[in-house]
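Here are my notes on this one, written as numbered points. Have the model open beside you as you read.

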Amino acid sequence: MPVQFSVESIDYLADKFNNCGSLSDESLSYLTRQATSLISILLQDACKVLRKCRRNSLTAEDFAFALKLHQLEPMYGGYTISNHHRSSFQKLKKDNRNVYYIDDQVIPLDQLIQSHLKVPLDISLRVHWLAVNGKQPEVIENPTVDISVRSIPKKRFTKSSHILSTEQQIYFKNLTETCISSNESKRKQALAILSSDHSLQAILSRLILFISEGIRVNLSPQAPTDRSIFLNLLIQMSDGLLQNEELNLKAYLHYFFPAVLSCLLARRTSHDHWSLRDLAGKCSGKIIRKYATAANDLQQRTINVFYRILNSNEEEYTWPTRYGAFVGLCEMNSKVIIQLIFPLVKRLGERIRLISDVESSERLTEVIVKFLTMAYRSIDNKIESNEKKLYEQFGSYFAPLIQQQLILLL
């Protein structure tokens, strides 16, 4: 169950501890979102520490480690089952200040000397047979064995694994080969199966692994130069799986989503990579809209990656990579475009003027004008709107292009 604080609780805590009076609704809403996000991230990191320690119950120490990872103030006075040796802090009021101290128990030295201590026995070893002719002797040193367990056939203890039947293996082989074949009619039929067949859940893990490994191999430096066709086919398979409402990809996002982002943000893929980035951006938007929740914080983390690439002034990222980041942001929803893209457009226009690569400049201009026109029309229905307002918001590079598209939509 995701963590979610109410606005009323944040208002109460702010009034009680900070004496800041009444806060505005926007401030309370912002504090509620920040507190919910921070606690969710800390709980996720604490659970990671729990799994690394191979324990089943979460302790205050796990949460303290999560605070330390984020350079936050640690907890004081925490007491858990795993640290009996620690004492809880005691509160003492002195000079109108609250002082916290540890109440250490004082042990008199005389009492410790005169007390009768039990001397532990020395370690002793005894030799006994573990097995004689394959049978375990019934002696005290050997553990007792349940006869009913030993009578169970060995077939009952075979290692459990997700094994496909022969029919499923043949189905998986034919489906994947058809999806990447050169026969367009059969490939369309296979993609239609991916987008509608509910029985694919049994082989879904294999399909995800096939897609992610295929993208990884074809994006490696050792891959052939022209690999856009195969990457496009793999992304089409991804789009088909996302269109299937009967499948649940949530358990495989750690394989699936990075593969899609790799096609979207790769530095170099092939000569014809623009359509690949467009389709990968659509898949990324579908994943965000379908599987992003307040608990996994998937949308915000993805936005941070895209925004950092798009807002970077350094030459660390190529313009095709920035193109992919822009498409990924715009495919989420129009709210992201209005809040994040609109403030960057004016500066982006000045930078695009200086691009020496004509193809990159034309592609970036085309996609930016396309998404900005749709977003601007959704908030301002006056197509013959203020030209001065367009120039102030989008700059001299994009304003006339957007105005021309708005006129064509009349």
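1. A word you'll need first: buried means under 20% relative accessible area, exposed means over 50%, and partly exposed is in between (1.4 Å probe, protein chains only). Keep in mind that this is a predicted model, where local features need pLDDT of at least 70, side-chain atom pairs count only at pLDDT 80 or more, and totals for chains, interfaces and linings use all residues. Residues are numbered from 1 along each chain as its sequence is written, and side-chain values use heavy atoms, with hydrogens and water left out.

2. Is Asn244 buried or exposed? Asn244 counts as buried because its relative accessible area is 1%. You'll find Asn244 in the loop between α9 (228-243) and α10; helices here are DSSP runs (H or I, at least four residues), numbered from the N terminus. A polar atom of the Asn244 side chain sits 2.8 Å from the backbone oxygen of Asp197. Contact means heavy atoms within 4.5 Å, and, not counting residues up to four places away in sequence, Asn244 touches a group including Leu194, Ser196, Asp197, His198 and Lys290.

3. Next stop, Phe257 in helix α10. Phe257 is buried too, because its relative accessibility is 6%. Leaving aside neighbours within four places in sequence, Phe257 is in contact with Ser284, Ile287, Ile288, Leu298 and Thr302. Phe257 and Ile288 are 31 residues apart in sequence, while their C-alpha atoms are 9.6 Å apart in space.

4. Now the core. A nonpolar core is a set of buried Ala, Val, Leu, Ile, Met, Phe, Trp, Tyr and Cys residues joined through side-chain atoms within 4.5 Å. The largest one has 77 residues, and Ile287, Leu372 and Phe398 are among those with the most contacts inside it. Helix α10 (residues 253-265) gives this core its largest share, nine residues. At least three residues come from each of domain 2 (166-332) and domain 3 (342-409), with bounds taken from an automatic or database domain assignment.

5. Last, helix α15 (residues 358-379). How far apart are its end C-alpha atoms? They are 32 Å apart, which agrees with the 32 Å that its 22 residues should span at 1.5 Å a residue; the expected span is 1.5 Å times one less than the number of residues. The buried residues of α15 include Leu364, Ile368, Phe371 and Leu372. Among the elements covering the buried residues of α15 are α11 (274-291) and α16 (387-408).

Methods. Helices (H or I, at least four residues) and strands (E, at least two) are DSSP runs, numbered from the N terminus. A polar contact is a pair of N or O atoms within 3.5 Å; within protein, one must be able to donate a hydrogen and the other to accept it, and residues adjacent in sequence count only if both atoms are side-chain atoms.
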